[in-house]
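Hi,

Here is the structure I said I would pass on to you.

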Amino acid sequence: MQGTVLAGTNNVFEVECDDGVIRSCSIKGKVLKSEKEYYNPLAPGDIVEIEADSIDEDKGQITALVPRKNEFVRWNVKGRCPQLLAANVDYMILVTTPCEPPFRPRFIDRELAQAEMLGLTPVIVCNKYDLADEDPDVENQLSIWEELGYQVMRISAKTGEGIEEFAQLLENHLSAFVGQSGVGKSSLVNVLDDTCVLKTGSLSKKYGRGNHTTTKGTLNRIELNTALTGGVKGRIASVIDTPGIRRFMTHDIQAEDLALYFREFKPLVGKCSFGMSCTHISEPGCKILEAVHAGVISEERYESWRRISDQIKNKTWDD
């Protein structure tokens with residue numbers, strides 16, 4: 001039968017199987033050896049083929065991985081290899097805050113570039129928006145992303161602002177929450193479904209499966225609060241709650257290709273006087289620089305592109 005990976009650590013995975021049973025599964029033999037370049041062979045959201053244990057119904061073995069529709073990957077510094085955060089998602093929910101922790105637009109720009117490279121659909125969610133007045137630059141940056149065509153949601157798990165609209169977006173979809181520690185990813189899950197209690201350093205009490213590790217994400221099937229669904233019961237959203245990330249490092253993006261993953265830069269790449277060899281720094285006839293000077297590309301995004309490009313070259317990720 002097939003099943004969906006909910007969580008996993010030390011090559012033991014919790015799999016929600018087609019027969020409704022959640023089994024603890026190990027990988028059979030070396031059938032997933034093609035995935036060995038990843039820090040973790042499977043991620044929440046993966047679809048796998050399994051064989052149920054003939055003695056213990058709650059156990060099984062994973063025999064094959066169903067080809068992924070998509071995957072979200074970042075570079076894992078500790079493991080020195082790419083790390084799978086989620087698979088087969090409809091939305092990447094990029095969670096940020098105006099403060100507590102501080103607003104980090106370049107962190108989001110790196111995530112956006114990674115999503116663009118992987119062909120994923122990102123949604124920028126500014127949680128704790130009730131604190132937005134403390135930094136006047138926050139709204140300006142959110143507007144820049146909106147003007148580029150990204151969906152931006154201003155919400156607050158504390159006050160409830162925007163949560164109903166957020167629930168409508170998530171309903172009947174698989175979404176992965178990604179962001180730095182403290183932005184309130186788990187708090188958002190809690191307010192969407194008050195029976196699904198996620199705490200820092202712990203998995204959902206709803207499923208009761210032990211502790212988070214720094215490399216472990218979990219797929220939760222949450223029943224949306226009726227207060228968010230017009231009183232209708234049984235509305236479901238699938239949410240992958242990923243661990244907090246202190247530094248988001250892009251994977252498989254070269255500095256010279258980064259402009260291709262900044263959506264306002266991409267149409268201009270190759271049209272400069274120096275063609276594909278243009279560095280977009282000081283060359284005459286650079287279409288990207290001309291767009292910056294004309295206000296078509298914001299100075300904030302251009303500066304972000306330069307900083308991220310330097311970070312990729314120097315392998316430093318300090319903001």
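Below is what turned up, beginning with the strands and moving on to the aromatic rings.

Keep in mind that this is a predicted model.

Let's start with the barrel. Five strands close it, running in the order β1-β2-β3-β5-β4 with mixed pairing. From one strand to the next, the twist averages 50°. Serine 26, for instance, has glutamine 61 in β5 as its bridge partner.

Now the rings. There are seven aromatic pairs in the structure. One of them is phenylalanine 103 with tryptophan 145, an edge-to-face pair at 6.2 Å centre to centre and 65° between the planes. That pair links distant parts of the chain: phenylalanine 103 is in the loop between β8 (91–96) and α1 (105–118), while tryptophan 145 belongs to helix α2 (residues 137–147), 42 residues apart. Phenylalanine 103 is buried at 13% relative accessible area, and tryptophan 145 is buried too, at 0%.

Then there is phenylalanine 107 with phenylalanine 248: the ring centres are 6.2 Å apart and the planes at 55°, so this pair counts as tilted. Here the partners are 141 residues apart, with phenylalanine 107 in helix α1 and phenylalanine 248 in the loop between β13 (236–241) and α5 (287–293). Both are buried.

Cheers

Terms used:
Residues are numbered from 1 along each chain as its sequence is written. This is a predicted model: local features need pLDDT of at least 70, side-chain atom pairs count only at pLDDT 80 or more; totals for chains, interfaces and linings use all residues. Side-chain values use heavy atoms; hydrogens and water are left out. Two strands pair if DSSP finds at least two bridges between them. Helices (H or I, at least four residues) and strands (E, at least two) are DSSP runs, numbered from the N terminus. Axes are lines fitted to C-alpha atoms, for helices over the stretch in contact, and angles run from 0 to 180 degrees between N-to-C directions. Rings of Phe, Tyr and Trp (its six-membered ring) pair if their centres lie within 6.5 Å; planes under 30 degrees apart count as stacked, over 60 as edge-to-face and the rest as tilted. Buried means under 20% relative accessible area, exposed over 50%, partly exposed in between (1.4 Å probe, protein chains only).
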